[in-house]
Amino acid sequence: MTAITDTDDIRWMRHALALARSVMNTTTPNPRVGCVIVREGRVIGEGATQPPGGPHAEICALRDASARGESVAGATMYVTLEPCSHFGRTPPCVDAVVAAQPARVVVAMGDPNPQVNGRGLARLRAAGIAVSTNVCADEALEINAGFIARMSRGTPWAWVKMATSLDGRSALHNGVSQWITGQAARADGHAWRARSCIVLTGMGTILKDNPRLNVREVATTRAPRRAVVDAAFEIPEDAQLFESAQADGVETLIFTANTAAEHSDKAARLAQRNVRVITLPEAEGPRVDLPAMMRWLGSHDINEVHVEAGAGLGGALLSAGCIDELLVYLAPVLLGDAAAMLRLPLIEHLEHARRFEFADMVRVGADLRLRARDANRWNALRQAITCAEN
């Protein structure tokens, strides 16, 4: 048998990661997982997780191998997430893997789901299958940060998307903001909408822009839900996002602090249009309790939240500790004395500044896309996926 080297492991795991990326928009609330089965440097089966209720990546790869007339016995399987070991919508993948008798299974990262969390790896080892772990773990986490966040801390991974000038302005003094960035950047922003589970905005944006919040610039077979933070339950019933959400066949959520809202005639009318009104505890203001909203989303299988809102809600979410990542499109333009990206409290000392680390910088058309994330939160996810070696 050809010896498997570390370089081989990285090569084939990246093949599996590419398969996982091919289903970025379709697996939620399940993780995006890819699997490839290799013998003597040759792919004998591969697959990626299908939409909810469909087979997981390992099952797809095993079926692919069978369709090719290949036996998996003695081969090496590369999978981007620890095989599940519990009954959900589908039977445990690890049982099928054990039955196929590969000689070795290489796993990118562990699954902190309390129903898995090392049990899949233990089952493989108990069956006499060699297991290697933590191969390309950071790359695997990039694909599934939302799922890992929800499983390890109970809340989704949330980013706020902003378009800004070189001097950090998001709109002119009169509120005009379309368009600071170019078409390529706007299309890229729609790709981030498409991968998310829910697109979140606030009442200021609804009243100012009346957005649809749908995915228009990229092809997708699954539309994200829409959500609005609306403390007083003032949203107009003819808001465009209701119409676009109905066209996409997805639910709209209204988070409010108005205790009468859920049982009002307005809520009943909106319910006819697949709109759910959720009353959360009142924060100062009165305002919606934003951390409570994130916990609600996590408890309802939301992995990733894409925030497109004004400086007020964006700043409030950041101040409340609800934002993990900044997704910033930087245009090569100066706007002068205009609206800032985020409205944040005044600080007197630099040690009180909110600090992020750059995760990515990509040129998109004439603009730059910058990703910056909270290093402590990211490191907590890294810790959650680290597999204990046997």
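## Salt bridges overall

A salt bridge here is a side-chain nitrogen of Lys or Arg within 4 Å of a carboxyl oxygen of Asp or Glu. By that rule, the structure holds 24 salt bridges. Glu142, Asp188, Glu325, Asp360, Arg369, Arg371 and Arg373 are joined in a network of them.

This is a predicted model, where local features need pLDDT of at least 70 and side-chain atom pairs count only at pLDDT 80 or more, while totals for chains, interfaces and linings use all residues. Residues are numbered from 1 along each chain as its sequence is written, and side-chain values use heavy atoms, leaving out hydrogens and water.

## Two pairs up close

Take glutamate 308 and arginine 193: they form a salt bridge, with the closest N and O atoms 2.7 Å apart. Glutamate 308 sits in the loop between strand 14 (304-307) and helix 11, and arginine 193 in helix 6 (residues 183-195), so the pair ties together parts 115 residues apart in sequence. Helices (H or I, at least four residues) and strands (E, at least two) are DSSP runs, numbered from the N terminus. Glutamate 308 is buried at 15% relative accessible area, and arginine 193 is buried at 7%.

Buried means under 20% relative accessible area, exposed over 50%, and partly exposed in between (1.4 Å probe, protein chains only).

Then there's arginine 377 with aspartate 324, whose closest N and O atoms are 2.9 Å apart in their salt bridge. Arginine 377 belongs to helix 12 (residues 375-385) and aspartate 324 to the loop between helix 11 and strand 15 (325-330), 53 residues apart. Arginine 377 is partly exposed at 23%, whereas aspartate 324 is buried at 0%.
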